[in-house]
Amino acid sequence: MDLHGPSDSGERGEKKPPKKKLSKEAEKLFYEERVAKLESIRDVLVTTKIFAGVKVYFEGYTDLKSSFELKKLIQKNGGSVSHYFAKKKVTHIICTSLSGNKTNRALDISGPLGRKQVILCVHPDWIIQSCKEGKRLPELGFSILEQKKKDTG
């Protein structure tokens, strides 16, 4: 008499067939096909390529628009979003202000071969205005670091 119910191996002691493990080649092919399918879906959703090559990270408060809406705008216009601050992947930090620590972190990033990598810290309006204009506007006009320099000195 079984007091614990059916076992993990199946009902009435029947064994489940072992899961097949994909070969390295089959696994690679599966992922390549999956990525291609996702890219084709993404291309249908993309309306412009104004943010092509742009990978943003949202830091804190984003003013009037929600970060969710801004993320959709970035993706819909050819850019991508990082959910964490990846030093070598993020091109832009989207925020309304920077603390001293965040400023130092944004400025003190080494890229390949020890060269300084520039990560632009811009106001969320940069995304909105670029979409309205239908082109990627110069970041300098929306730079949080430039605004901080003006405010402090």
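**Side-chain contacts in the predicted model**

Trp126 is buried, with a relative accessibility of 0%. Buried here means under 20% relative accessible area, exposed over 50% and partly exposed in between (1.4 Å probe, protein chains only). The model is predicted: local features need pLDDT of at least 70, side-chain atom pairs count only at pLDDT 80 or more, and totals for chains, interfaces and linings use all residues. Residues are numbered from 1 along each chain as its sequence is written, and side-chain values use heavy atoms, with hydrogens and water left out.

Three aromatic pairs were found. Rings of Phe, Tyr and Trp (its six-membered ring) pair if their centres lie within 6.5 Å; planes under 30 degrees apart count as stacked, over 60 as edge-to-face and the rest as tilted. One of the pairs joins Phe51 to Trp126 in a tilted arrangement, at 5.2 Å centre to centre and 55 degrees between the planes. The pair links distant parts of the chain, 75 residues apart. Phe51 lies in the loop between α1 (24-45) and β1 (55-58), and Trp126 in helix α4 (residues 125-133). Helices (H or I, at least four residues) and strands (E, at least two) are DSSP runs, numbered from the N terminus. Phe51 is also buried, at 0%.

The count of salt bridges is one. The term requires a side-chain nitrogen of Lys or Arg within 4 Å of a carboxyl oxygen of Asp or Glu. Arg136 pairs with Glu139, with 2.7 Å between the closest N and O atoms. Arg136 is partly exposed at 36%, whereas Glu139 is buried at 13%.

Disulfides (cysteine sulfur atoms within 2.5 Å) number zero. The sulfur of Cys121 lies 5.4 Å from its closest cysteine sulfur, in Cys95, too far for a bond.
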